[in-house]
Amino acid sequence: MIETQAAVLNAVNEPLDLATIQVDEPEPLEVRVAVSHVGLCHSDLHYMTGTVPTDLPVVVGHEVAGVVEAVGRSVTGLRPGDRVVGALTPSCGRCTNCEAGRSTQCQRVAEIRRRPRPAFQHPDGRPIERLGDVGAFSQHTLMRENALVKLPDDVPLHVGCLLSCCIITGVGAVFRGARVRPGSTVAVIGCGGVGSATIQGARLAGASAIVAVDLDEERLEAARGYGATHVVNGSDDVVAEIHRQLGEGVDYAFEAVGSARTAATALAALRPSGTACLVGIAPGGTELSLPASDFFFEEKRLIGSYLGSGQARQDVAQLARLYQQGRLLLDEMVTKVIGFGEINEGFEAMRSGDVTRIVLDLRS
């Protein structure tokens, strides 16, 4: 067991507390990672504000990159010194969903995450939860070998961490979730980190028109750099504006905000037989009220996509290659890199909506 520094959530709607915690030794299939960088994600905010429930105290954070420090006795594919990013969805590889290539929906996740002792605890022995079995806002964490992917040496850790959540979520929703066809038209509602990645996915998929929708003009301008061909301010009549610009609705609409209102907008923006894909995490208890006629008479489809809807480890490795080739923009998505002690200020900046991604450097 080692001691390390972590940002602990002790109460909802309160700042994270920097504290000394203890990290357990790796189990046979676990790896201890010295965390270097973590992207601040809006899903972390859901837990910090209580809109999605979690046990307390907890270390949140999940968009993680770092260096392998120690490995369990049964680990064969990683060794100390390897640069890694987290795939976040440890899978058994044997259940029906895993064998079908849907590791994000592994049916044995709870069993796989079970361990004989808490991974994190206070110095006095009180256990501390880890969000998603990651708890990345800690200078050291434990992850299973099959939830980590080696990062090529020429992919910097401060951008590599984005691959583990916002990039795989957005790009994966395009390729694995909705399966966007080349030449089709796409709308992306919400142009933060996940939305920006979705726009890039649509560009990589060969969409002929990509409409970015957001309330912030700076985000809309940035969206053009990621591949958007059209922009719509969300304060306007979004559906009418899409029809005005394209002449009809879109083939695919992606909702990257996490609200019932924007989900309804995504469905309404479709042309008949189009597909709306919900990517943003909505607060607990959110319910959708949608016109049944859209499904019966216009044959529209509504689907969800979680963490890219595919094989996370394989997809992260492929996305890293796209970055190496200059086809996937990561550096441009990092608005700012901040030190560990600035974590609460970083989340305040996220609430303002003026950033795409803030990355936390846990070494400073």
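Visitor: In what order do the strands of the open sheet of 5 strands lie?
Guide: In this predicted model, the pairing within the sheet of 5 strands is mixed. Its edges are strand E1 (2-8) and strand E4 (58-59), each of which pairs on one side only. Read across the sheet, the order is E1-E2-E7-E8-E4.

Visitor: Which residue of E7 does Gln22 stand opposite?
Guide: Strand E2 covers residues 17-23 and strand E7 covers residues 120-121, and the two pair in the antiparallel sense over 2 bridges. Within this pairing, the residue of E7 opposite Gln22 is Gln121.

Visitor: How far is Ala87 from Gln22 in space, C-alpha to C-alpha?
Guide: Ala87 is placed in the loop between strand E6 (83-86) and helix H2 (96-99). In sequence, Ala87 and Gln22 are 65 residues apart, and the distance between their C-alpha atoms in space is 23 Å.

Visitor: Is Ala87 buried or exposed?
Guide: Leaving aside residues up to four places away in sequence, Ala87 touches Ala147, Leu148, Val149, Ala312 and Arg313. Its relative accessible area is 3%. Because buried means under 20% relative accessible area, Ala87 counts as buried.

Visitor: Which residue in E16 stands opposite Leu278?
Guide: Strand E15, residues 270-278, runs parallel to E16 and is joined to it by 4 bridges. The residue in E16 that stands opposite Leu278 is Gly304.

Visitor: How many disulfides does the count come to?
Guide: A disulfide requires a pair of cysteine sulfur atoms within 2.5 Å. Cys166 is in no disulfide, since the nearest cysteine sulfur, that of Cys165, is 6.4 Å away. The sulfur of Cys277 is 14 Å from the closest cysteine sulfur, in Cys165, and is therefore too far for a bond. The count comes to 0.

Visitor: What relative accessible area does Cys277 have?
Guide: Cys166 is buried, with a relative accessible area of 0%. Cys277 is likewise buried, and its relative accessible area is 0%.

Visitor: Is H1 roughly parallel or roughly perpendicular to H12?
Guide: The axes of helix H1 (residues 42-49) and helix H12 (residues 343-352) come within 11 Å and cross at roughly 105°. Because angles of 65 to 115 degrees count as roughly perpendicular, H1 is described relative to H12 as roughly perpendicular.

Visitor: How many residues of the contact of H1 with H12 are nonpolar?
Guide: On the H1 side the contact is made by His42, Asp44, Leu45, Met48 and Thr49, and on the H12 side by Phe347, Met350 and Arg351. These residues include 2 polar and 2 charged ones, while the number that are nonpolar is 4.

Methods:
Residues are numbered from 1 along each chain as its sequence is written. This is a predicted model: local features need pLDDT of at least 70, side-chain atom pairs count only at pLDDT 80 or more; totals for chains, interfaces and linings use all residues. Side-chain values use heavy atoms; hydrogens and water are left out. Two strands pair if DSSP finds at least two bridges between them. Buried means under 20% relative accessible area, exposed over 50%, partly exposed in between (1.4 Å probe, protein chains only). Contact means heavy atoms within 4.5 Å. Axes are lines fitted to C-alpha atoms, for helices over the stretch in contact, and angles run from 0 to 180 degrees between N-to-C directions. Angles under 35 degrees count as roughly parallel, over 145 as roughly antiparallel, 65 to 115 as roughly perpendicular and the rest as oblique. Ala, Val, Leu, Ile, Met, Phe, Trp, Tyr, Cys and Pro count as nonpolar, Asp, Glu, Lys and Arg as charged, and the others, Gly among them, as polar.
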